[in-house]
Amino acid sequence: MLVPSLRARGLQGADASWSFLEGGRTNWLWRVSRPGGDIVVKLYSGETSNPLFPNDPRSEVKVLTHLEGHGIAPQLLESFQTDAGACLIYAHLSGTAGTADCAKVASLLHRLHRIAPPPGLRKVPDGSAALRQQTLAILAACADEHAASLRILEPADNVAPCGVSCLLHADPVPANMIDQGGELKLIDWQCPAIGDPCEDIAIFLSPAMQITYGARALTAAERADFLDGYHDHRTIRRYRQLEPWYHWRMAAYCLWNEARGDKLARRAYAAETEALRAAQSEQI
């Protein structure tokens, strides 16, 4: 099905070889080795009901097109619809995935957040009231006994909206970063957004997200390297204020994942609630 589509578009010859790429949790990806340079074929599995990470090929096309020439994302080569779902083709980025250099990640995200976003992307919650509303909606889809125990840990501090509309990757986990000789680039743009840059910061620093993608929670030293490396003290101060709210929301997301059979969700939940309690203690 995909091979004829690529051949019709001049993207694959008879001597190309396909290999499945592991790591994607939602869609299917293959690396196609060919004389003209390797490409990645991404077949979307369809829309999802995920409350934090939607799966939208149109948004990925929009952002990859917008970021052309910025050196921060792969080059989009083609996008088309198949009977099995939307398909994107982009240039393969050689390098190492899963970087642990937190200062480099902070610099990468800071650079991204300074790029004006394209129109039409979804907006993330801004401020504690919006985060509370989103979290309660996630908890409403979880088992009552688990949700009740997490509701008790709801943060108390109110943080006003910032009104900022930065371009966000919205899923900046190590698996979505490629280190090319010291230069990081971001892949898997299926859920980009605009809004508070603290959203990306919170996702990367989340213990649950690190664990979900096969890593471990960041150490205190790694977190400090990231916060120092972001080079925007106002945004970091705001993140510190919102940190309990982001941990609370992520803990709710872990419960949502556990209800859907995620085997790592309980461990991720424990790490996230531990971080939530620590963040609340620091604000007392």
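We start with Tyr239: at 1% relative accessibility, Tyr239 counts as buried. Keep in mind that this is a predicted model.

Now, the aromatics. Searching the whole structure turns up seven aromatic pairs. Take Trp18 and Trp30. They pair edge-to-face, with 6.0 Å centre to centre and 65° between the planes. Where do Trp18 and Trp30 lie? Trp18 is in strand β1, residues 17-20, and Trp30 is in strand β2, residues 28-33. So the pair ties together parts that are twelve residues apart in sequence.

Back to our tyrosine. Tyr239 pairs with Tyr246, and this pair is stacked. The centres are 6.4 Å apart, with 20° between the planes. Is Tyr246 buried or exposed? Tyr246 counts as buried, because its relative accessibility is 4% and the cut-off is under 20%. Trp18 counts as partly exposed, at 27% relative accessibility.

Together with Phe20 they form one aromatic cluster.

The charged end of Arg9 sits over the ring of Phe80. The distance to the ring centre is 3.8 Å.

Next, helix packing. Look at α9, residues 233-258, and α10, residues 265-283. Their axes come within 8 Å. They cross at roughly 160°. That makes α9 roughly antiparallel to α10, since the cut-off is over 145 degrees. What is the hand of the crossing? α9 passes α10 in a left-handed crossing.

Which residues meet there? On the α9 side, they include Arg240, Glu243, His247, Trp248, Met250, Cys254 and Leu255. On the α10 side, they include Arg266, Tyr269, Glu272, Leu276, Ala279 and Gln283.

Last stop, helix α6, residues 198-205. How many of its residues are buried? Eight of eight, so to speak: α6 is mostly covered. The buried residues include Cys198, Glu199 and Asp200, and also Ile201, Ile203, Phe204 and Leu205.

What do the buried residues of α6 pack against? Among the helices are α3 (102-113), α7 (207-212) and α8 (220-229). Strands β7 (166-168) and β8 (177-180) are also partners. And α9 is on the list too. That is the helix that crosses α10.

That's my tour. Questions, please.

Methods:
Residues numbered from 1 in each chain as written. Predicted model: local features only at pLDDT ≥ 70, side-chain atom pairs only at ≥ 80, totals over all residues. Heavy atoms only, no water. Phe/Tyr/Trp six-rings, centres within 6.5 Å; stacked < 30°, edge-to-face > 60°. Helix = DSSP H or I, 4+ residues; strand = E, 2+ residues; numbered from the N terminus. Buried < 20%, exposed > 50% of the residue type's maximum accessible area, 1.4 Å probe, protein only. Lys NZ or Arg CZ within 6 Å of the ring centre and 35° of its normal. Axes fitted to C-alpha atoms, helices over the stretch in contact; angles between N-to-C directions. Parallel < 35°, antiparallel > 145°, perpendicular 65-115°, else oblique. Left-handed = near helix turned anticlockwise from the far one by under 90°. Contact = heavy atoms within 4.5 Å.
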